[in-house]
Structures are given as structure tokens and as C-alpha cells.
Amino acid sequence: MNEVTIEAKEFFTKYRTAFDKGNMDEFCMFFNEPFLSVRADGTIQSLSTNKEAKDFFSKVIELWKKEGYKSFSISDFEVEALGKKSILVTFSWNMLTKDSHFIRQWRQSYNLVKEKSEWKVILSTFHR
């Protein structure tokens, strides 16, 4: 496994863990300001600040908890270097209950850039 793939896996392990703990302050620090998301229906969501991201994801996690969400696992992880400080990471999210029963899955790609020594998500794209 190359260094960039190791870094990407470490990044998304921390990203997933912060979300699963419900720590939205920590979770939103993984995003660039601004951050864009292309939804599966083609709509574009722009979150200008980490505070906007926190407000958005706080609502998302509460909705998912009502569906039984407790944690995520990641599968089919792929990393492609796009430039010296840019990578494309694609994988499937597996939403799980507290008993690790499957709720649903989707595939998503993330464009990350390295700012100083930290990776930040600048764009995520949901696959259909």
C-alpha cells in the first residue's frame, strides 16, 4: 500500500470515528472552507464555513439515528493521486445499527487537498 493510500485510510478512519461519536465540531474540521457536495440527484450543496457544515451534519445525524443508525463501516476503498497535494478517494459507506445490522449503502467520492500537513475535503460527490 502506498503512502497516499495509507494517509487517506487514516484520514477517513478519523473522519468516520468523529461522525460516529457525534462530535460535529471535530468532524467538521475535516472540511475545507468552503466545502461543496454534489448530491446523487445532481443538486449542489455549498457549505461556506465549518459552522454551516456543523449545523447541516448535526441535522443529518439526528435523522439517521431515527432510522437506527449507530455507526458506519467503509468498503471498496480506492485512492488516486491527482496532483502533488490533491487526491481522489472513493469508497462505499455502510450504515449500520447498534447490532451491526445493515441499513443501507452508498458510494461516494471525495476530493481532498493538503493544506500545510493536513488533508481537507473540498468536494464530495455521491454516486447514483
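**Entry 1: strand pairing.** I began with strand β1 (residues 31-38) and strand β6 (residues 118-126), which pair in the parallel sense over four bridges; two strands count as paired if DSSP finds at least two bridges between them. Strands here are DSSP runs of E of at least two residues, and helices are runs of H or I of at least four residues, both numbered from the N terminus.

**Entry 2: basis of the values.** I note that this is a predicted model, in which local features need pLDDT of at least 70 and side-chain atom pairs count only at pLDDT 80 or more, while totals for chains, interfaces and linings use all residues. Residues are numbered from 1 along each chain as its sequence is written, and side-chain values use heavy atoms, with hydrogens and water left out.

**Entry 3: the sheet.** I then followed the strand order, which reads β2-β1-β6-β5-β4-β3 in an open sheet of six strands with mixed pairing. The edge strands, each pairing on one side only, are β2 (44-47) and β3 (71-83). Neighbouring strands of this sheet are turned by 20° against each other on average, direction ignored; the axes are lines fitted to C-alpha atoms, for helices over the stretch in contact, and angles run from 0 to 180 degrees between N-to-C directions.

**Entry 4: helices on the sheet.** I looked up what helix α1 (residues 3-21) lies across, and found β1, β3, β4 (86-96), β5 (102-115) and β6, with α1 running at about 145° to β3; contact means heavy atoms within 4.5 Å. Helix α3 (residues 50-66) lies across β1, β2, β3, β4 and β5, and runs at about 125° to β2.

**Entry 5: aromatic pairs.** Rings of Phe, Tyr and Trp (its six-membered ring) pair if their centres lie within 6.5 Å, and planes under 30 degrees apart count as stacked, over 60 as edge-to-face and the rest as tilted. By this rule I have 31 aromatic pairs. Phe 12 is buried, at a relative accessible area of 0%, whereas Phe 77 is partly exposed, at 22% (buried is under 20%, exposed over 50%, partly exposed in between, with a 1.4 Å probe and protein chains only).
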